[in-house]
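Here is a short report on one protein chain. Look at the structure first, then read on.

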Amino acid sequence: RRFAAPIDEANLTLDRDTAHAQLIISDDRKSTARGYTWEELPDTPERFDAERCVLGCEGFTLGRHYWEVEVGDKAGWALGVARESVRRKGGFSFNPDGGIWSMARWAGQYLALDSPEVPLKLDIDPMRIRVSLDYEQGLVAFFCVDNATPIFTFPPASFNGERIRPFLFAVGPLSELRLHP
């Protein structure tokens, strides 16, 4: 199946209530970075406790949407979308079986976090990645904004009416991810 052109540019913010205690969320809630210390935050059911993840405040149950994430030149990140019901306590699978459709860069390699992982060969190291979601078609795709090329499209999924939210994961100590616009 072909990915339909996204029609709605999503203006997103990060949900502090879901952020792992080691993530620093900017005042405008547009960026996150891994801190060196753990914040003293309440351990609520919404908060990730084992993985350095955060969800977007906004979620989608229909339509076609896209947003861009500035990844910079540091390794140790993942980005994409997650089901509202994604596991937040303890470890989990960073793939569609775990409710996450994402791509990552770690150990100098780009990967689509499918099951199994798919190594990605990119012409350049992207500074900005576009995440596209076509809810009705069940498609999640990634594009390199820097040279306007497709990176990876997951096979069609069934979201079953569940809310799908933007997902960021900052692994490396210098990882910083910024949402655009």
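Leu177 sits in strand β14, residues 176–180. Strands (E, at least two residues) are DSSP runs, numbered from the N terminus. This is a predicted model: local features need pLDDT of at least 70, side-chain atom pairs count only at pLDDT 80 or more, and totals for chains, interfaces and linings use all residues. Residues are numbered from 1 along each chain as its sequence is written, and side-chain values use heavy atoms, with hydrogens and water left out.

Is Leu177 buried or exposed? Leu177 is buried, at a relative accessible area of 0%. Buried means under 20% relative accessible area, exposed means over 50%, and partly exposed lies in between (1.4 Å probe, protein chains only). Leaving aside neighbours within four places in sequence, Leu177 has contacts that include Lys30, Val69, Trp77 and Phe169. Contact means heavy atoms within 4.5 Å. Trp77 is 100 residues away from Leu177 along the chain, yet their C-alpha atoms are separated by 8.0 Å.

## Salt bridges

How many salt bridges does the structure hold? There are 10 salt bridges. Each one is a side-chain nitrogen of Lys or Arg within 4 Å of a carboxyl oxygen of Asp or Glu. One of them joins Arg128 to Glu68, with the closest N and O atoms 3.2 Å apart. Arg128 is partly exposed at 25% relative accessibility, whereas Glu68 is buried at 9%.

Lys74 and Asp73 also form a salt bridge, at 3.4 Å from N to O. Lys74 is partly exposed, with 35% relative accessibility.

Glu84 and Arg88 meet through their side chains in a salt bridge of 3.7 Å, N to O. Salt bridges with shared partners join Asp15, Glu84, Arg88, Arg163 and Arg165 into one network. Glu84 is partly exposed at 27% relative accessible area. Arg88 is buried at 9%.

## Glu136 in a loop

Now turn to a loop. Glu136 lies between β10 and β11 (139–144). Glu136 is exposed, with a relative accessible area of 52%. Beyond its neighbours within four places in sequence, Glu136 contacts Leu62 and Gly63. A polar atom of the Glu136 side chain lies 2.9 Å from the backbone nitrogen of Gly63. Arg87 is 49 residues from Glu136 in sequence, and their C-alpha atoms are 23 Å apart.

Methods:
Helix = DSSP H or I, 4+ residues; strand = E, 2+ residues; numbered from the N terminus. Polar contact = N/O pair within 3.5 Å; in protein donor to acceptor, adjacent residues only side chain to side chain.
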